[in-house]
Amino acid sequence: MLVYLSKRFLMTMLVIAVTSGIAFLLVHLSGDPAAAMAGEGASEADIEAVRATYGFDRPLYVQYLDWVGRILTGDLGRSTYLRADVTDVLARHVPVTATLGLCALTFALALSIPLGVIAALRPNTLIDRFALWVAVAGQALPSFLFALGLMYLFGVYFRLLPISGNETWWHFIMPSIALGYYATPAIMRLTRSGMLDVMQSDHVRTARAYGLAPWRVVVRHGLRHAIIPVVSLAAVQLGFMLGGSIVIETIFSLKGIGYLAWESIQRADIEVIQAILLVIAAAYAVLTLLADLLNAALDPRIRIS
Amino acid sequence: MNNMTTSAQDGAPVSLSPGRIALRRAFRHGGFWIGGTIILAIILIAIFAPLLTPYDPSVQSLSKGFVPPVWAKDGSWLHPLGTDNLGRDYLARLLYGARISLGLALLTVIISGTIGTAMGITAGYWGGWPDMIINFFITVRLTLPVVLVALVVVALIGSSLWLLILVIGLLLWDRFAIVVRSATQQLAQREYITSARAIGSSTPRILFREILPNITGPLVVVASIEIAHAILLEAALSFLGLGVQPPDVSWGLMVAEAKAQLLFRPWMIAIPGAALVLLIFAINLVGDALRDVTTPEGKA
Amino acid sequence: MPNDTQILNVQGLSVQIPVHGSMLRPVRDVNLEVGRGETVAVVGESGCGKSLTALAIMGLLPRQAMVQSDALRLNSESLAQASPKRWRQLRGDQIAMIFQDPMTALDPCYRIGNQMCEILQQHRKISRTDAMARSRDLLGKVGIPAPEERLKQYPHQLSGGLRQRVMIAMALLCEPELIIADEPTTALDVTIQAQILRLLRDIQQETNIGLLLITHDLGVVAGMADRIVVMYGGQVVEVGTCDQVLAQPLHPYTEGLVRSIPVPGETEQGETLGYIPGIVPRQVGELSACGFVDRCPYATDICHAKSIPMRDADNARLMRCILPTDGSARDPAVWVLPDETTAQGAATHGSTPCPKF
Amino acid sequence: MPEVLTMRDVTRDYSVGSGFGRKQTLRALRGVNLGIERGTTLGLVGESGCGKSTLAKILLGVEAPSSGEVLVDGQPIQSYDRIERAGLIQPVFQDPYSSLNPRMTVEAIIAAPMHVRGESGRKTQTRVRELAGEVGLPGHLITAYPSQLSGGQRQRVAIARALIGEPEILICDEPTSALDVSVQSQILNLLHNLKRQLNLTMILISHNLAVVHHLADEVAVMYLGQIVERGPSREIFDAARHPYSDALLKAVLPPRAGVRLPKMGPEADFPSPVNPPSGCTFHPRCPKAHALCAEQMPKLSGADTAHSYRCHFPNNVKDEECPRV
Amino acid sequence: MLREGVKFHDGTDFDAQDVAYTLNHVADPDSDMKSRVLVDWIDNVEVVDSHKVRIHAKRPTPAALQYLTGTSPIYPSGHYEDAPVVPGSDGAERRDWGAVQPVCTGPYKLADYVAGESLTLEANPDYFDGSPKGKPSIGTLVYKTIKDPETQVAEVVTGGVDWIWGVPPENAEMLASMGNLTVVSAPTMRMSFLSLDAAGRTGETPMTDLKVRQAIAHAINREAIAENLVGDGSMVQKSMCAPVQFGCDTDVKQYAYDPEKAKALLAEAGYPDGFSVPFHAYRDRAYSEAVLNDLRAVGIETDLQFLQWRALRPKIVDDQVQIGHLTFGSNGILDVSASTSYYFEGSSDDYARDEEVKAWLEEADRTTDQERRKELYSKALNKIADQAYYIPLFMYGRTYAFNKDLDYPVTPDEMAHFYLAKWK
């Protein structure tokens, strides 16, 4: 177990290291950011000054190593636009996105798992078809359209929910639904197919052959197995939500990291963009690790060899 | 139960390949029919757009902006779906927009499908080190948020159509790689792969004659998912203003341009939005149908 | 067999399953009786309907399967109209089942003890401690060393043979009157197979329960069964005691099976073996001929004309064939065909009228 | 007669992951020595996990041994390129459902070895049809796909594919165990006829002793990666030396009236190939095991005769010949 | 001479020391001041007495007073001491001057500030009497950044916010008809223009030909764009400056919308069938599209490169922009030296590189004689128009929507003057 954990940790570190390189390269793709940072009306000398101030005149790899070196000391850099340490900026934005992601995931799981289980228990019935249609239709609706629709309906027309910002829990309802519904079909399908498989498996047949109560068969001997791949998928989906919340956060003016990322891209605030890419990568890596551990807890075949 | 032997019993002189059988089953599948018809209609619309409207989608008439569609007050058959802010015919834009939306999705999927399949087969067939390295790349790719990376690249380099296709293509190969890898791993354990090696087949022959034809099922299903994904991604990028650029027009761009009119001219967003939803819905239906007919337990 | 010792009595059992628009009939009009302390083997090749018969008796067939029977009695209780709840009470308590693959039949997520207790507590008012104690005793009884530790282990930590022993212990938990064993040793190695069969046989004789053994292996049957029920194409084609059937098979199918198996010490090396030509037909629609007619070397016009009923033969045996009941008019040589005819058999098979729905 | 196939001290290790991480070594073959003379059939017997299938893969050149060498016609197997090797050795696998590519027609499957050699003309086509007839495949099935064939027909296709390149050696890995008994006998008949007509050298891998008895001239018994006994078929079946061979023989249940279950089988379970027992690997299961067996691996006895075995306390051997003396 | 009796928000008195401190700081090239043009003229600032300072200019700077209004708020002495030290390049340290929370003297004081999110202002009770701005009427102001314009509109419609600007002009009428909102449009100083590579910085292109540039000028229907597209508050821009700026001579050569003439000019220049050219833009794509449409009508095919400013700016600097559709807001400075001079004095943004124009402008920037300045600027602007170096298109308008109960005077300078606003 310890060997496995340390191996996984090393792997995760390696992934994050490569990701950091890609993030850095992406941000420096267009070459020298100084011209844009210097702003309107800057002369060539001004740009040169910015270049020197921020060290963009150095070779790319030196800049990268400098950046990595600073990250290792816990310094994620400084936002040139917001004039604050990126660490502080992220500390303000990450909780918003984390809250949004968790709410969205909760919404998605609460909807998809029961639906998937019921659909699997009654394959090819009306309820199964209904669930499948929900999935197909749900996946066809782009989240920004859905978000705008929600805003129009509940924000403007009925005036039930606040439209923008992240001050109260009420503010999170529409964004969470808009973000979470997109993960619903995938999780539902996986739950359904997992349940279909496991309900036909030998050990479930054994459980039924020994007269166990139906709910025990379904929950203890069925769902317990079907949920294992769902855990991994949920972690992946949560990771996607962190990265995919840009559109939703922009529409609802939710000041999370997606919003920050999009603003920073437009502001050419490169240290923030780099840091966000890195943080999302790290979050994703940690999430998959957590999912693996949770799977090990659920499945003794992984845990005990 | 024993339906494997049906054809042998029929003694049919003409034998159907598994692919033909799957296709036959697909044609008996309701979802395949509905989805396929919609997709075919949209493809035809895209191809024959110039015949279907007299307007050029990019010709403007600034004084004739915001004509409402025919069913609204002040609408006319002159512009059945009205005009946009620059006075361009909305129907013409919708018809031509199908070209970009479909073409872009198709090209990106060709790129991502080639990359992903190559990586998946390599990892699945050889295992060991190649597998570890490719797995690592898949993990790295998954840790990079698609929308964000696409935004950064497009924002910093510029959003030409080809760059967009390339970027999306280079971002969406992960599912291909994952699915092809596991499908190949399963196949590699099949005895006919061992047989192929034992009869002295070269590696390319094994990859292209033995493995590739047998993973077309999952490949087609993933392709359908990724086509829908690419269309949605382009739409999301367009929504943020960094997708397809004028004078090209895509449905995503139309939605983006119309979103300012959400409160007061909702049809402007509803028309391309509905087209987008319909197209993706149809693709998903077909994808689902293909999944049903290519996986034996799909219809359980 | 007198009625009071009868545990299981199945009359006219049929199963129909709708598949892709047509109706499969994998089990047709099966009669079956198992007495106390008796081992009845249901024998047949894949697709003959033996496993579905077992599942039908357990009430475990999938929802879409339609089960009909004239009688389905367990200990004189009729189960034909039993509620799902009653079925659940009986399963695991009065009838227990042992499955083919011990690798997959146990839930990999729970400890052995946990799974055994769960069953015991489902059927008996018993404390967890007592349930554990009984489970441990039973594990010991089926020859598992260090049962205390096994209770705490997960199935994947046990070998195949041990897992099948656990399954047997599980079946014994509630002291059932009937155990259905579906190919209990097929997935095991030959040396383990002998142990498991011996264990089953010992326990069955000791506890005097009825054992319904489902298998394709005539060797296993020879070692275990008191009576044999031979199935082909969803029908019972022959019934008799083990020795009678193996020594003098009455139905041509049974005869063909026996003739096609090489036996070290009996058949010579390289001796041309007998075989049954053709393949098992698809079980669709009503029979308008003998189900075996396409593959039968003795087939006559009568066999093609109508379905053949079951009839009594000598020594309380039953057979579904028009050949003489005393076993005459059989010729071992008819099974030894040159290989080309195989080809012919398979080739012409398609042209013979397949029963249509 | 010269040995057409020789294995010298062949060992094969696998690295297996055990759950969380740690790699362990699984020694599937431990120093296997084997020679087969032209035109004979060797039956290879053993239970699952004993290394039979690994042996087959190494002979086919699909896998390489970790150490030791395999000679075909006196030449190391590596010295042949893949097409030459395919012309010498061909396989027939256990599961006819997975050994045929479902996307190829019967004709293409049978012709594949010729295509690989670059021969795909009219001659090959004719040969495919001839061969299909020889293995008893109805002509109209030549254009069918595997999913339209029965198990027996598929196995015939596999046999035809193996034979089209006119190999010297046929390796049959459990060729009938996935088939129903009534079909199994047809394949056994076919194999026997082919072997006689074509003077094939055959390695028959099976756990079913009845099948081995029916086809094999010689029998080798494998246990945990080692050949524990090897001799002429008749001798093994009449007077097996190794207790494990004996146990296997006793476990055969013939379908005959009056047969009773064997009194005893080996008690303990098959040990893990990752952690094999000390000394004679069979000792934990052996009814005759002494203290010596747990300490010392028995040497090969009778290596210079046709019948060799690895046991301290063999059956059917006069005391004075006993290896421990 | 500085006003007496003015207090900073932190209670300290405002005096000459503070002015000198602040101006000396921002004039320092290391001060991180974004618009260098506004402070570059300052050599040093000297305290004369407690409420009098003397600013020594590097050169005569006639627009100095204009510049001073846009330079920087005056902070208390020692204000920048609090600037955090941040790591610079190569391990060196630098100070982030801009990170200090401002302490000013204005009618509103900063109560809370979250960078990039929100800003809370409270009325300054100690605001000095007799200020031309007057005492603020509204107690607390909260600015929120809401990125999406649709969301802004939705919020103002539902009363989530009371005031927005930058309303899409085509929505103005409908918003006004909602009943609870006042919708007003006003002109701004932001100009929209085409930068043509007359200097040949991108190489020998059609843009170096005067006839081509004039053809482009004639091709564009500026009236239609300003009127139909940019909407209320917009107007055609006649010269390369904002009309309200000092020295902006709008009486220069005008190119009427005349596609035929444009085609003729192109033919004369040797492009009877037009040509194809990359077209860079970064703001308000619809407006660029309208321009492109007009260009296409005369045979000029364009390849639109619509970029973020972040991506466009380096291209401008690196001589890659043949035609750029740019905008400029001159920081609200009411003097041509802040706009025209910037674009034509040889900076990296100067794609005309006309030495004569440069000389005129430089002289005008340094002359204190206002009449002479006007004359020089006029000469420069006329030549720019004659040569069609840059093609002025239109002045941006700006539409405001706010709560009907709010009395808010709209001003033409792209600034929000809330101290003038009050609740009805």
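How many residues does the contact take from chain A, and how many from chain B?

Modeller: The model is a predicted one, and the description that follows should be read with that in mind. The contact draws 44 residues from chain A and 38 residues from chain B. The size of an interface is often given as the accessible area lost when the parts come together. For chain A and chain B, the buried area is about 3,900 Å², and carbon and sulfur atoms give 81% of that area.

Charged and polar pairs can be considered next. The rule finds one salt bridge across the interface of chain A and chain B. Its partners are A:Arg189 and B:Asp288, whose closest N and O atoms are 2.7 Å apart. As for polar contacts, three residue pairs are counted between chain A and chain B, with both residues at pLDDT 80 or more.

The side of chain A that touches chain B can then be described by its elements. Those giving two or more residues to this side are helix 1 (2-27), helix 6 (126-140), helix 7 (143-157), helix 11 (214-251), helix 12 (257-267) and helix 13 (270-298) of chain A. Helix 1 of chain A gives the most, with eight residues. By residue class, the side of chain A that touches chain B comprises 35 nonpolar, seven polar and two charged residues.

How values were computed:
Residues numbered from 1 in each chain as written. Chains lettered and ligands numbered in written order. Predicted model: local features only at pLDDT ≥ 70, side-chain atom pairs only at ≥ 80, totals over all residues. Heavy atoms only, no water. Contact = heavy atoms within 4.5 Å. Buried area = accessible area lost by both parts, 1.4 Å probe. Salt bridge = Lys/Arg side-chain N within 4 Å of Asp/Glu carboxyl O. Polar contact = N/O pair within 3.5 Å; in protein donor to acceptor, adjacent residues only side chain to side chain. Helix = DSSP H or I, 4+ residues; strand = E, 2+ residues; numbered from the N terminus. Nonpolar A, V, L, I, M, F, W, Y, C, P; charged D, E, K, R; others polar.
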